[in-house]
Amino acid sequence: MKKKTGERTKTGTKVFRAVYAALTALLAGTIIIGLTLLWNALSAYEKSDPEIPIKALMEQFEKEKSLLIKSLNAKLNEFEDESILEAYFDKLTQGKITYSRNGKKSTEDSIVYGIKADGGTIAEAEVLKTKISLGYGFYEYELGEITFGEIPTHTYSVTAPDSARVFCNGIMISSGYVTVEGEIYPESEHFRGFLKAPPRDLTYTVGGFVGEAEFTAYDGQGNGLVLTDGVFSLAQKEDTELSELALNFAQSYSKYVVNDGHLSTAAEFLAPNMPFYAELKGYENFWHNWHTDYAFLDTQVGEPIFYDENCVSVKVKYDHVLYGVSSSENGELHSPADYTVYLVKIGEKWKVTELTLN
């Protein structure tokens, strides 16, 4: 009997161990399956995070901002290129770029983030829920539209003689941008018909600039014009021959009117058939001051101003001093002169058409 009892105990132990092992294996398998399911669910949850696309966008901002310039949707005028947008974008995104969720505009399927730089919102980015299922009720999100605020633009106006070629940022401005047509320069009449195309001012107005506008202008001879307060002046350049000619005529005129010079000397400078000659011929100085000597002091001669290649004006200033004048306390009489001399080219020679007081 003792022997049989021992056999049953040994057999029961084997059965128990087998069942225990099976249960342990089953439990372990269940745990593994459960952990796998949990891991997959957590992974799906993480992949469904709507901040994943926005974080990627921030990295793109930092690494290569130029890729996002297309999102600006800016319409450039013909005088600017994409480098202007790049400069604007660089300035816009200076400082640390951050983002924050806009709870008022966001929904479950569309989440809106404000993109900020230096404390101000520069754009909004939309993150959209896709139909791509990650399982466990989670879905992928993708970056939608990026909307920047309206780009501020500027309008510029510049005025130049109608004979000039005007450029903006190196590109010639067409007549289609002319908004104002001025009157003919009144001083043109002093050339006495030698100026075939009297100049007038044209005002060009161009809008839609994101950046700055740089204007240049040139006359028909390629001379650069000077821009002052938005207005290009006629070409003015150094020409010793013309400046000296204007000065010599002005001084000859000054000497004639005080009876120190002859009409013939002044007339040698004049173009033929000038009305100014008749004025000189009829001039009489009833207040002639007798003097012993004279001088031209503090002489200033401006650079010739070119109305065209054959018509120029030159400004001349000096102090015409007479010495030995009995009616003066110190024997000197000072007569400040400030003239504009008008010159024309006839054949190969330059002649005077008129002299006016400034």
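Predicted model: local features only at pLDDT ≥ 70, side-chain atom pairs only at ≥ 80, totals over all residues.
# A chat about the chain and its contacts

Visitor: Noted. What does the secondary structure come to?
Guide: The chain has six helices and 18 strands.

Visitor: And how many of the residues are buried, as a percentage?
Guide: The chain has 358 residues, and 35% of them are buried.

Visitor: What about the accessible surface of the chain?
Guide: That surface is about 22200 Å², and carbon and sulfur atoms contribute 53% of it.

Visitor: Let's pick a residue. Is Ile115 buried or exposed?
Guide: Ile115 counts as buried because its relative accessibility is 0%. You'll find Ile115 in strand β2.

Visitor: Which residues does Ile115 touch?
Guide: Setting aside residues up to four places away in sequence, Ile115 touches a list that includes Leu57, Met58 and Phe61, along with Ile97, Thr98 and Tyr99. Gly120, Thr121, Ile122, Ala123 and Ala125 are also among the residues Ile115 touches.

Visitor: How far apart are Ile115 and Ile54?
Guide: In sequence, Ile115 and Ile54 are 61 residues apart; in space, the C-alpha to C-alpha distance is 9.3 Å.

Visitor: Switching topic: how many salt bridges are there in the whole structure?
Guide: A search of the whole structure gives four salt bridges. Side chains of opposite charge can pair when their charged atoms come close.

Visitor: Which residue forms a salt bridge with Lys105?
Guide: Lys105 pairs with Glu124, and their closest N and O atoms are 2.9 Å apart. Lys105 lies in the loop between β1 (97–101) and β2 (110–117), while Glu124 lies in strand β3 (residues 120–135), so this pair ties together parts that are 19 residues apart in sequence.

Visitor: What does Lys129 pair with?
Guide: Lys129 forms a salt bridge with Glu108, with the closest N and O atoms 3.2 Å apart. Because Lys129 lies in strand β3 and Glu108 in the loop between β1 and β2, the pair ties together parts that are 21 residues apart in sequence. Lys129 is partly exposed, with a relative accessible area of 27%, whereas Glu108 is exposed, with 58%.

Visitor: And which residue pairs with Glu354?
Guide: That is Arg192, with the closest N and O atoms of the salt bridge 3.1 Å apart. This pair links distant parts of the chain, 162 residues apart: Glu354 is in strand β18 (residues 349–357), and Arg192 is in the loop between β8 (178–184) and β9.

Visitor: How do Glu354 and Arg192 count for accessibility?
Guide: Glu354 counts as buried at 9% relative accessibility, and Arg192 counts as partly exposed at 36%.

Visitor: You mentioned β9. Where is Arg200?
Guide: Arg200 is in strand β9, which spans residues 200–209. At 22% relative accessibility, Arg200 counts as partly exposed.

Visitor: Which residues is Arg200 in contact with?
Guide: Leaving out neighbours within four places in sequence, Arg200 is in contact with Ala160, Pro161 and Asp162, and also with Glu181, Gly182, Glu183, Ile184 and Tyr185. As for Ser188, Arg200 and Ser188 are twelve residues apart in sequence and 9.7 Å apart in space, C-alpha to C-alpha.

Visitor: Back to charges: which residues form a negative surface patch?
Guide: Asp81, Glu82, Glu86 and Asp90 form one. Asp90 is in helix α3 (residues 82–92) and counts as partly exposed, at 41% relative accessibility.

Visitor: Now the backbone. What is phi for Asp229?
Guide: Asp229 has a positive phi of about 55°, although it is not a glycine. Most residues other than glycine have a negative phi. Asp229 is in the loop between β11 (227–228) and β12 (231–232), and Asp229 is exposed, with a relative accessible area of 79%.

Visitor: And what about phi of Asn259?
Guide: Asn259 has a positive phi near 65°, again in a residue other than glycine. Look for Asn259 in the loop between α4 (240–257) and α5 (263–267).

Note on methods
Residues numbered from 1 in each chain as written. Heavy atoms only, no water. Patch = residues over 30% accessible without salt bridge, like charges linked within 9 Å, V, L, I, M, F, W, Y side chains within 5 Å. Areas by Shrake-Rupley, 256 points an atom, 1.4 Å probe, with all protein chains shown as cover. Salt bridge = Lys/Arg side-chain N within 4 Å of Asp/Glu carboxyl O. Lys, Arg positive; Asp, Glu negative; His and termini not counted. Charge placed at Lys NZ, Arg CZ, Asp CG, Glu CD. Helix = DSSP H or I, 4+ residues; strand = E, 2+ residues; numbered from the N terminus. Buried < 20%, exposed > 50% of the residue type's maximum accessible area, 1.4 Å probe, protein only. Contact = heavy atoms within 4.5 Å.
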